[in-house]
Every structure is written in structure tokens, then in C-alpha cells.
Amino acid sequence: MPLDAAAIGKACGGQSQTGDQLCGRELERVRAAMASGVPVTVSCTLKAPLFREVAEELGAGDRVAFAKIRENAGWAAEAAAAGPKMAALLAASAEPTPAPASVSFESQGVALVYGRDEVAIEAGLRLADHLDVTVLLSRPGEVAPPRSGEIPVLKGTVRAATGHLGAFSLTVDDTALPVPSSRRALAFGPARDGATSTCDIVIDLTGFTPLFPAHDLRSGYLRADPRDPAAVERVLFEASHLVGTFDKIRFVDVYAELCAHSRSRITGCTRCLDVCPTGAIAPAGDHVAIDPHICAGCGSCASVCPTGAAAYALPPADALLRRLRTLLGAFHKAGGTAPVVLIHDEAHGAPLIDALARYGDGLPADVLPFPVNEVTQIGPETIAAAFAYGASAVRFLVRARPKHDVAALRRNAARFDAVAQALGYGSGAGDPVVSLIETDDPDALGAALGAGARGTPAPVPSGFMPDGDVRSVLRFAVSEMRHAAPQPTDHVPLDAGAPFGGLDFRAQACTLCHACVGACPTGALADDPDHPRLTFAESACVQCGLCAATCPEDAIGLIPQLDFAAWTAPRRVLKEEEPFDCVTCGKPFGTRSTVERVIGRLRDRHWMFAGQAGEQRIKALMMCDTCRVSHVLTEGFDPHAAQENRPRTSEDYIRARDA
């Protein structure tokens with residue numbers, strides 16, 4: 001493949017060395033570079049194990065990075081023009097990525113084989129040498145009794161199931177033990193409902209509806225069609241190895257204090273609950289909790305979370321954007337123009353790109369592959385940042401039959417394609433510049449990339465450095481996308497469910513009770529301790545709907561939008577009124593309109609506030625809480641002393657009868 005050493009050196013900096021066989025006869029050159037004490041990037045992944053071994057010998061393991069420029073750039077019909085792309089790939093690979101935390105599973109090998117016939121019994125017998133097995137048969141027909149009682153065989157149907165590898169709990173109905181005298185077919189004794197079974201592993205060979213949503217992503221739950229012997233063999237092999245301690249990445253970090261799920265038992269944001277495919281997310285008071293043992297790492301929750309309460313950790317959003325910034329910055333510095341960012345995963349996307357390089361025309365020279373753990377983890381901050389950094393289009397490569405639901409990704413792509421079009425990043429022909437490529441065929445991938453529209457990149461790309469929590473990164477990325485846009489505009493309408501927007505506020509209905517302020521999780525709505533006033537900061541609003549659901553006067557509605565003028569303006573005063581000062585001490589304690597409205601409704605309409613005595617009680621309504629207590633105690637008013645208004649009791653009727 002051709003190497004544009006000048007473009008690579010210009011964009012990457014440092015010392016650039018080329019060779020023909022760095023993994024063979026020129027290996028000593030690699031050793032010398034690694035022994036120099038400076039960071040080293042090796043532009044080959046084929047022999048990465050060898051290079052890592054050398055790095056470990058020299059104590060340089062944490063200073064070595066790898067970039068795949070052959071399959072991603074050099075092996076292509078447009079290889080001669082791929083110098084800027086090679087420079088971008090090399091520069092981005094050197095960006096450090098923090099290591100995520102992990103959680104552990106403990107499995108003692110207690111297994112439940114759940115089936116309906118002899119296939120389950122045979123599976124249990126074969127696993128008995130490796131696991132502590134119990135077989136549970138659901139609604140069995142004529143099942144031949146096993147020749148020996150080596151493993152327990154019971155009857156029952158699982159009604160509910162929870163848990164994960166090492167911690168399953170099953171509720172079983174119609175549970176019964178076999179009759180030992182069963183001759184031609186298994187007979188069972190009396191049955192009962194509501195039995196509970198706990199186990200480490202569940203092998204489901206019923207062929208019925210799976211026990212769990214997204215069952216293929218549930219650790220420790222193995223399922224196969226009993227009519228498919230090959231599938232049963234695969235499941236038995238996998239089950240036999242599930243004994244011991246297993247580590248799993250904690251894909252999502254949860255920051256409960258940022259969550260906008262609910263306040264005071266009023267539900268607000270449910271975006272993560274709506275998109276989680278495994279049921280790993282559940283309400284936990286005012287926030288949600290994510291079980292890391294059940295989480296499959298799709299990242300959909302993080303991609304739709306408007307506050308950053310659910311943050312993907314492989315890698316964190318700011319680290320991911322720093323790599324994107326380096327990728328696009330190096331591409332432009334090396335002389336490239338109008339790049340297309342192709343976001344893909346390693347499990348599906350990388351092999352597809354490799355096949356296109358080996359057997360087809362390879363990737364176009366302006367397409368920059370950007371690998372992530374899961375494509376569904378990508379949120380709007382990454383799309384916005386890509387355009388701010390100078391991309392002309394963003395493509396997501398997903399499977400024709402995705403492993404994870406891509407509905408949330410599709411919504412984010414459509415939403416920010418509309419934003420990009422409104423800001424002038426489009427091609428002018430209306431073709432999408434943010435879209436999904438759903439294929440398992442490398443030739444189809446190549447055709448889609450070749451025919452896909454290139455938009456208008458930012459005239460002067462931004463170089464902002466992403467830092468901070470997810471919401472801060474998102475807000476800054478969207479602001480920079482607008483600032484760098486070919487045709488900046490101050491207002492972009494969005495669809496319902498977008499993480500930005502304003503309020504449809506009906507001031508005449510508001511009583512300034514400030515219930516909405518107490519419910520707002522982000523501080524977008526605020527009161528003033530010194531004045532009856534309600535203010536709003538649109539840049540902080542996440543459209544969770546808690547304010548609208550909490551408002552007792554139904555004075556608030558949501559308007560999903562991007563209003564950049566409102567973002568840069570001071571807090572907007574939604575409503576303010578003249579305060580009412582205590583007639584005794586002069587301290588303001590409410591709004592004049594509210595106090596006067598209450599007095600107007602009570603005067604001459606309620607016996608307690610009628611006449612001369614009522615005027616003294618009305619005076620109490622004009623006092624702050626401290627003065628009001630003192631006034632009531634001084635007056636000595638007893639609401640039960642007025643005989644004409646005292647409630648009638650049984651004694652009253654008895655006295656009247658006797659009289």
C-alpha cells in the first residue's frame with residue numbers, strides 16, 4: 001500500500017519511521033523505539049501479540065498503541081488519496097482510554113435443566129459430571145422414566161424468573177415429585193403452586209417463550225430448540241464451563257443525583273426504562289437503578305438520558321469525543337476535506353470492513369472508521385461533536401438483524417439529521433447526512449458509502465476540548481455545532497422526547513406556588529428567596545415533564561426545540577408579582593394577589609370571617625406565620641366555642657328528646 005509519509009508526519013507530529021517487515025527482520029527497530037521511553041504507535045494490528053510481548057519485556061506496555069491503517073485505508077481502490085485518513089487513524093489510536101470498572105459473578109454450578117421430554121433428561125445426565133443438576137419438566141407427555149435416580153427429575157412450569165448467572169430465582173407452579181413406581185411413563189404425585197427454586201445456571205430446552213426479555217443477553221441463561229441437536233450441543237458445552245468466578249465490565253455508571261425519573265411520587269423521565277432491552281433498569285424512588293449483572297452493555301439508556309445520570313463507561317463520553325476530535329483534527333491537518341465518520345463496533349463492523357478491504361474496493365478515502373464497543377451507545381453529543389469538528393456526514397454501521405434494538409439510535413440519528421440540515425450541514429438536495437447502514441454484506445457497505453450523500457462541512461471546524469459530565473459535554477457540543485455551522489440559525493424545532501426545549505407557560509394560571517421549582521431536577525426552574533418570582537434557564541431544561549406533571553394549576557407545557565438565543569440569554573422571568581408584607585412586622589411572606597384573593601373569598605362567605613370578630617381573623621391572614629401564631633394565641637379564638645356553628649352530636653339529640 002502507498003504511504004504518504006509527509007501527510008502522516010505533518011498531522012501526527014513526533015518521529016515517523018517506515019519499514020517493510022517491522023515484525024520480522026526489522027524487529028530491532030521496534031525494540032529501540034519502545035526502549036526510548038516515549039509513546040509508540042504501531043501501524044499494524046496483525047502482529048500486535050508479538051509487539052505487546054516485546055513491549056512487556058521492555059516495560060513499555062502502557063506506552064504502546066496500535067492502529068489498523070492497512071484494512072481501513074491502504075487496501076482500497078482510493079489508497080493513493082488515503083494519506084490524510086492514515087494520519088487520522090494513527091493520531092486517534094494514541095488517545096488514552098480509561099479502563100472501566102467491573103463486576104463479578106459467582107457460580108457454584110447449581111443448574112436447572114428446564115425441558116419437556118427425554119431431551120432435557122438426557123441433557124441433565126450429560127451435565128451431571130460437571131454440574132449439580134436438577135431437571136424440571138413442564139407439562140410432560142409420556143416421558144420414559146430414567147434408568148437410575150442419578151439426577152432429580154420433577155414436574156413444574158416456571159411462572160416467573162429473575163436473576164442472572166449465580167443468582168437465579170424461579171417461581172414454579174404445578175410442582176410435583178415423580179412416583180418411584182413409574183413403569184412405562186413417568187407418573188407424578190400431588191402438585192402445588194408457588195414453589196421457589198434458586199440456581200446458578202438455567203438451561204432452557206422447552207422451546208417455549210423465553211423466560212427473560214432479550215434472553216440471549218442474560219448471563220447464565222442458555223436456551224436451545226430441543227429439536228435442534230447441534231444447538232443443544234452448543235448449550236451443553238457452554239453450560240459445563242460456567243463454574244467459578246467471572247468478571248464483567250460495568251458498562252454504565254449511574255449518578256442518582258442527576259436522575260429526572262420522579263419527584264414526590266410523580267413520574268417524569270422514563271427514557272431509559274423505555275429502551276432497556278434486558279429489564280436491567282428499575283425505578284428506585286426518585287431515580288432509577290441499573291443492575292450491572294443484567295445490563296448487556298448496549299448503551300441505549302445512556303444515549304437517551306438527557307441529564308447524564310446514566311453514563312456509558314466504555315469509554316466515558318468525554319474520552320470518546322477526545323478521540324473523535326483527534327481523528328478529525330488530524331485528517332484536516334493532513335490536507336483532507338469533507339470526511340465521513342463511519343461509527344461501527346468491533347464484533348460486526350470491523351470484520352465487514354476487513355472483508356471489503358481484502359475482497360473489494362475497500363473504504364473510500366474520505367470515510368473515517370470510528371470503532372466503539374456498541375453502536376447503540378452513541379448519543380447526540382457524539383453526532384453534534386462530529387459536525388462541529390468538521391465531518392460532512394455521520395454513518396452508523398449496524399447488523400441487518402441487530403443484536404440490540406436500534407430504535408433509540410434511529411431516533412437520535414433522525415433528530416440530529418434534522419438539526420444538521422437546519423444549520424446548513426446538508427447537501428442541499430435533502431439527502432440525510434446522519435443515517436444508518438444496516439447490512440451484513442461488505443459489498444453492500446461499500447455501495448452505501450459510495451452513494452451516500454456528503455454534506456457541507458463546517459467552514460472553520462471547532463477544536464473544543466470536551467470535558468466534564470455528559471450533560472455539559474452535550475450542551476457544549478451542540479453549541480459548537482451551531483457556532484461552526486455553514487448557516488447558523490437561532491431556532492430549530494425538535495420532535496417530542498428530545499433532550500432540549502422550552503416551556504409553554506401560561507402566566508395567568510400560575511399562582512407562584514413554586515411546586516415546579518421543587519420538582520425540577522436540573523435547576524432550569526428557580527425561585528427567588530427575596531421576591532415572588534419564577535425564572536427559567538432553557539439550556540438546563542431536559543424536557544423531563546416533572547414540572548408539568550407537578551403544577552397544580554396546569555400552567556406548564558413542554559416545547560421541544562433548540563433555542564440558541566435563549567441559551568445565551570440571562571434567566572427568563574416567567575412570572576413575578578408584588579409581594580405582600582406582613583401588616584405586623586413588615587416581612588414579605590406571599591404575593592399580594594394570592595392573599596387578596598383568599599381574603600375576598602372568605603369575607604362574608606364563612607361564619608368565622610363575618611362581622612366585627614371576623615375582621616380580626618381576617619387580619620391574621622395578613623400576617624406572616626410567626627406573627628399569625630402570636631395573634632391567634634393573644635385573641636384566644638376557639639373555633640368550637642360558637643354554639644350556632646358547633647357540630648351536632650348524639651348527646652344533643654338525646655337532650656332534645658328528653659326535654
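Leaving aside its neighbours within four places in sequence, which residues is proline 579 in contact with? The points below begin with that residue and then move to a sheet and the helices around it.

1. **Proline 579.** Contact here means heavy atoms within 4.5 Å. Once neighbours within four places in sequence are set aside, proline 579 is in contact with His531, Pro532, Pro588, Gly590, Thr591 and Arg592. You will find proline 579 in strand S28 (residues 579–581). Proline 579 and threonine 198 lie 381 residues apart in sequence and 63 Å apart in space, taken from C-alpha to C-alpha.

2. **How to read this note.** The model is predicted, with local features needing pLDDT of at least 70 and side-chain atom pairs counting only at pLDDT 80 or more, while totals for chains, interfaces and linings use all residues. Residues are numbered from 1 along each chain as its sequence is written, and side-chain values use heavy atoms, with hydrogens and water left out. Helices (H or I, at least four residues) and strands (E, at least two) are DSSP runs, numbered from the N terminus.

3. Two strands pair if DSSP finds at least two bridges between them. As background, the strands of a sheet pair through backbone hydrogen bonds, either parallel or antiparallel.

4. **S18 beside S19.** Strand S18 (residues 340–345) pairs with S19 in the parallel sense over six bridges. Five of the six residues of S19 are buried, so S19 is largely enclosed by the rest of the structure. Buried means under 20% relative accessible area, exposed means over 50%, and partly exposed is in between (1.4 Å probe, protein chains only).

5. **H12 itself.** How many of the nine residues of H12 are buried? Nine of the nine are, so H12 is largely enclosed by the rest of the structure. Among these buried residues are Glu381, Thr382, Ile383 and Phe387. After H12 comes glycine 390, with a positive phi near 115 degrees.

6. **H10 against H12.** Helix H10 (residues 317–333) and helix H12 (residues 380–388) pack at an angle of about 20 degrees, their axes 10 Å apart. That makes H10 roughly parallel to H12; angles under 35 degrees count as roughly parallel, over 145 as roughly antiparallel, 65 to 115 as roughly perpendicular and the rest as oblique. From H10 the contact uses Ala317, Leu320, Leu321, Leu324 and Leu328, and from H12 it uses Glu381, Thr382, Ala385 and Ala386.

7. **H12 against H13.** The angle between H12 and H13 is about 30 degrees, and their axes are 10 Å apart. That makes H12 roughly parallel to H13. Pro380, Ile383, Ala384 and Phe387 of H12 meet Asn412, Ala413, Phe416 and Ala420 of H13 in this contact.

8. **Backbone details in loops.** The peptide bond from leucine 314 to proline 315 is cis, with omega near -5 degrees, and proline 315 sits in the loop between strand S17 (310–312) and H10. Arginine 139 is not a glycine, yet has a positive phi of about 45 degrees; arginine 139 is exposed, with a relative accessible area of 55%. Leucine 512 also has a positive phi, near 55 degrees, but leucine 512 counts as buried at 9% relative accessibility. The loop holding leucine 512 runs between strand S23 (501–505) and helix H16 (515–519).

Methods:
Axes are lines fitted to C-alpha atoms, for helices over the stretch in contact, and angles run from 0 to 180 degrees between N-to-C directions.
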